[in-house]
Amino acid sequence: MITRQRQAEPKAIQSTEGNPNPWWVNAVVYQIYPRSFQDSNDDGYGDLKGITSRLDYLANLGVDAIWLSPIYCSPQDDNGYDISNYRDIDPLFGTLSDMDELLGRAHELGMRIIMDLVVNHTSDEHAWFQASRDPNSPYADWYWWRPAREGFTPGTPGAEPNRWGGSFGGSAWQYDEKRGEYYLHTFSTKQPDLNWENPKVRAAVYDMMNWWLDRGVDGFRMDVITLISKQIDEAGRLPGESHSLIQDLPVGEEGFSSPWPFSMDGPRLDEFLKEMRSQVFEGRQNYLTVGEGQGISPKRNETITDPANKELDMIFLFDHVGVDQRGTKWNMVPLHLPDLKHAMAEQQGAVKSKGWASLYFNNHDQPRSLSRWGDTSTPKLRIKSAKALALLLHMHKGTPYVYQGEEIGMTNAGFTRLEQYQDLESINAYHQRVDVAHVQDSASMMTSLAKVSRDNSRTPMQWDDSRYAGFADPSSPTRPWLSVNPNKSEINVACELEDPASVFSFYRRLIRLRHTNNVVSTGMFHMIDNDDEHVYAFTRSLENHRLLVVVNVSSSMRPLPAETTELLTNGFEPSQLLISNEDGDALARHITDGMLSPWDAFVYQL
């Protein structure tokens, strides 16, 4: 078992149950998207045996835990986020025995396994839903079933119970001929929402979670968990239903109203999360719970992650990854750095005295941050900006999440044709916005997809420069499920693993720094030079120790901002650098001249 060098954490930090200093306070979590990580049987899809074969690589990187995107049985309508059996592994990824092997090997290497948990909805092929289609079944009210709107023929346009739109396009309601009613699906038509108002639903979910924890997993990342409580009136009616006492929102540009204000952070969310904590985690130690937090403000994050409230350990907030979008994710605007600063500072400030933060720019639902906010125009700028963005994020207070390939500087897919995309959201959004609602033309929508489609982060992991980038045997007759990025020749693990100047080596240093430096893991955060449009700077402090973090988030020379300059009035000594993406002496020359070169990034001991 690998023993990582760590500092003892201050006693006044976050706690879970009987463990006053949980392992995740100075840990780094690595997310794996299984179908794109490593194919062990040449069927075009990554699998559990493939992941197990690469665990030594992750141990070498230094991460503490691995979050697996869903591997449960699923029709794969939404790449596994539509679960048909919570207690078995989809044959696409392997077997329960393969999962046990992965768990055992990861634990031997000192890494924990976090399962993705999807319980806002199931697949429409789940046994619960199939039984629910019979109104006389014990499962009849396990989902949100509703009759057609008064005065309309069931199954005809306009007969939906309200005007809500689905996240993947079209109505959020689907008519079921067998039952003669509509069911609610916030996402795909094959992802019916569970009715958490029903205590039997909750009990079944908790029983399943306990089953996995008893099997050896170390916690859960909870998909769209903040949607489980919907707003209903005193008669149980949703907004906009016939006779509902809650008025719906107006219809938007795509022809539907938004369910989000009535579905996100609903009135019983805290109650449900506390109950889950009590029924699943009470008495257990060394677990991790992190929720995907649509609609959660930084202030609410403080409440939900406050250990005294016994809900979740941390939440993925969304405000910072929406700063370059206007109205819809498909309307991208250039990054205005003060907007990102404001969002991050608000998140940091909310957990100043209690609660905890999760730190991420990348995951399976986000485009690659290097393509989004970095500079990939030349190899030098690509490598330097990848390191700069990594340093910027990892020096905040919280638990950083590294998404597969981020640690080698992988970029967006570069797709130019609609048929290259596999992502359900992207394909449906194109047809809804271009073909149905006519709110965007084809060319602009293709540009939007190239920037923010979820497939940008889902291309196969680039292990080497072979035909399929080492994801699968180059002689395999089966192509990977999603095309390999052509830049695999320049960006891959093999060419970075032993290079001390590589993006991979820089990530190793960042992770080691969090493990060994208490100021990085638990120090107070303070943003400086808030209004500077190119330089992102802040301090971290703990007792009498203080660090200055400075990043030039631009591809041009920039002057040192005023507050940063003031903190460096005693001069700049390269020996005081903790980490930098630039040679110390060269950095010192720039700073002496009051300047930062493109994408300079450093942490300095004051």
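So, helix α9, residues 337-350, lies across β16 and β17 (535-542), and α9 runs at about 20 degrees to β17. Some terms before I go on. Contact means heavy atoms within 4.5 Å. Axes are lines fitted to C-alpha atoms, for helices over the stretch in contact, with angles from 0 to 180 degrees between N-to-C directions. Helices (H or I, at least four residues) and strands (E, at least two) are DSSP runs, numbered from the N terminus.

Keep in mind that this is a predicted model: local features need pLDDT of at least 70, and side-chain atom pairs count only at pLDDT 80 or more, while totals for chains, interfaces and linings use all residues. Residues are numbered from 1 along each chain as its sequence is written, and side-chain values use heavy atoms, with hydrogens and water left out.

Okay, the sheet with β16 and β17. This one is open, has five strands with antiparallel pairing, and goes β16-β17-β18-β22-β20. Two strands pair if DSSP finds at least two bridges between them. β16 (524-528) and β20 (577-580) are the edge strands with a single partner each, so one side of each has no neighbour in the sheet. Ignoring direction, neighbouring strands here are turned by 15 degrees against each other on average. At the β20 end, three bridges tie β20 to β22 (residues 601-605), antiparallel, and Ile 579 sits opposite Val 603 in β22.

Now the other sheet. In what order do its eight strands come? The order is β11-β10-β9-β5-β2-β1-β15-β14, again an open sheet, but with parallel pairing. β9 (residues 219-223) is joined to β10 (residues 288-292) by four bridges, running parallel; Met 222, for instance, has Gly 291 in β10 as its bridge partner.

Let's look at β1, residues 29-32. Val 29 and Gln 31 point one way, Tyr 30 and Ile 32 the other, and all are buried, where buried means under 20% relative accessible area, exposed over 50%, and partly exposed in between (1.4 Å probe, protein chains only). β1 pairs with β2 (residues 65-68) over four bridges in the parallel sense, with Ile 66 in β2 as the bridge partner of Tyr 30. β1 also runs parallel to β15 (residues 399-403), joined by three bridges, and there Val 29 stands opposite Tyr 401.

One residue I'd like you to find is Gln 191, in the loop between β8 (181-184) and α5. Is Gln 191 buried or exposed? Gln 191 counts as buried, because its relative accessibility is 0%. Its side chain makes a polar contact with the side chain of His 121, at 3.5 Å. For that term we need a pair of N or O atoms within 3.5 Å; within protein, one must be able to donate a hydrogen and the other to accept it, and residues adjacent in sequence count only if both atoms are side-chain atoms. Leaving aside neighbours within four places in sequence, Gln 191 is in contact with several residues, including Asp 78, Tyr 81, Phe 168 and His 185.

That's the tour, so over to you.
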